[in-house]
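Please brief me on this protein model, covering strand pairing, salt bridges, backbone features and the surface.

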Amino acid sequence: KNYLQVKTCQETSLLPLLGNLANPSPAQGWGEEEFLSLSGRGPAPLIMGLALLHHLWASHGITLPLMAEYFSRLGTWLLLEYIPPDDPQARTLIRSREATLPEYSEGAFSAAFAPAFEDIRSASLPGSGRKLVLLKKRKT
C-alpha cells in the first residue's frame, strides 16, 4: 500500500522496499551495478522495523547483536518495535522452537543495540507490552 501511494504521489524521499532481511538479494544486473544490494543503497536517514525483530529472531534464529550490527550499516536513525517473547504473536512463532532460539528479552535488546546506537526515546504501547524505540547511530 505504501509503495503504491509513494508511486502515485511521485514521492522521491521515501523508498519502501519489500525483501527478506534474513536473505537479502545481492547487487544484480550488468557488472552487479544495475540494482544495488540493500546495504549498497544506504545508509538511509531512517530505517523503520515495525513488527520485524521477533520474526528475524523466531523464524530465522538471528541474534539481537547481529541485527544491531546489520542495522548500523543500513541507516542513521532506527525506529524499531520491540515485541516481547510473551506476546501472543511471538508465542505463536516460537511454539516449537523455544529451546533452540538465541536470547531475546528487553535487556538483551538494549545490550545488543547500545554499542552502535544511542537510545533517544522509547514509548510503551498501552496494554500490549510492546515498545517503540527510536535509536540514533553513534558517531564512530
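Gly 49 has Leu 80 in β2 as its bridge partner. Strands β1 and β2 pair in the parallel sense, over five bridges; two strands count as paired if DSSP finds at least two bridges between them. This is a predicted model, in which local features need pLDDT of at least 70 and side-chain atom pairs count only at pLDDT 80 or more, while totals for chains, interfaces and linings use all residues. Residues are numbered from 1 along each chain as its sequence is written, and side-chain values use heavy atoms, with hydrogens and water left out.

**Overall layout**

- The protein has five helices and four strands, where helices (H or I, at least four residues) and strands (E, at least two) are DSSP runs numbered from the N terminus.
- Along the sequence, the pattern reads α-β-α-α-β-α-α-β-β.
- The C-alpha trace spans about 45 × 35 × 30 Å along its principal axes.
- Of the 140 residues, 27% are buried; buried means under 20% relative accessible area, exposed over 50%, and partly exposed in between (1.4 Å probe, protein chains only).

**Strand pairing**

- Strand β2 (residues 75–82) runs antiparallel to strand β4 (residues 131–137), and six bridges join them.
- Leu 80, the partner of Gly 49, also stands opposite Val 133 in β4.
- Leu 78 stands opposite Leu 135 in β4.
- Strand β3 (residues 117–124) is joined to β4 by seven bridges, again in the antiparallel sense.
- Val 133 in β4 is the bridge partner of Ser 122.
- β3 and β4 form a hairpin with six residues between them, and Gly 127 in the turn has a positive phi of about 75 degrees.

**Salt bridges**

- Four salt bridges are found in the whole structure, each being a side-chain nitrogen of Lys or Arg within 4 Å of a carboxyl oxygen of Asp or Glu.
- Arg 130 forms a salt bridge with Asp 87, with the closest N and O atoms 3.0 Å apart.
- Arg 130 lies in the loop between β3 and β4 and Asp 87 in the loop between β2 and α4 (88–94), so this pair ties together parts that are 43 residues apart in sequence.
- Both Arg 130 and Asp 87 are buried.
- Glu 81, Asp 87 and Arg 130 are linked in a network of salt bridges.
- Glu 106 and Lys 131 meet through their side chains in a salt bridge (2.7 Å, N to O).
- That pair links distant parts of the chain, with Glu 106 in helix α5 (residues 106–113) and Lys 131 in strand β4, 25 residues apart.
- Glu 106 counts as partly exposed at 36% relative accessibility, whereas Lys 131 counts as buried at 17%.
- Glu 69 and Arg 73 form a salt bridge (2.9 Å, N to O); both lie in helix α3, four residues apart, about one turn of the helix.
- Glu 69 is partly exposed, with a relative accessible area of 38%, and Arg 73 is partly exposed, with 42%.

**Backbone features**

- A cis peptide bond joins Gly 42 and Pro 43, with omega about 5 degrees, and Pro 43 is found in the loop between α1 and β1.
- Glu 32 has a positive phi, near 55 degrees, although it is a residue other than glycine.
- Glu 32 lies in the loop between α1 and β1 and is exposed, with a relative accessible area of 55%.
- Ala 51 is not a glycine either, yet has a positive phi of about 55 degrees.
- Ala 51 sits in the loop between β1 and α2 and is partly exposed, with a relative accessible area of 33%.

**Surface patch**

- Leu 46, Met 48 and Leu 50 form a nonpolar patch on the surface, with about 300 Å² of accessible area together.
- Patches are made of residues with over 30% relative accessible area and no salt bridge, with like charges joined within 9 Å and nonpolar side chains (Val, Leu, Ile, Met, Phe, Trp, Tyr) within 5 Å.
- Accessible areas come from the Shrake-Rupley method with a 1.4 Å probe, and for residues only the protein chains shown count as cover.
- Met 48 is found in strand β1 (residues 44–49) and is exposed, with a relative accessible area of 53%.
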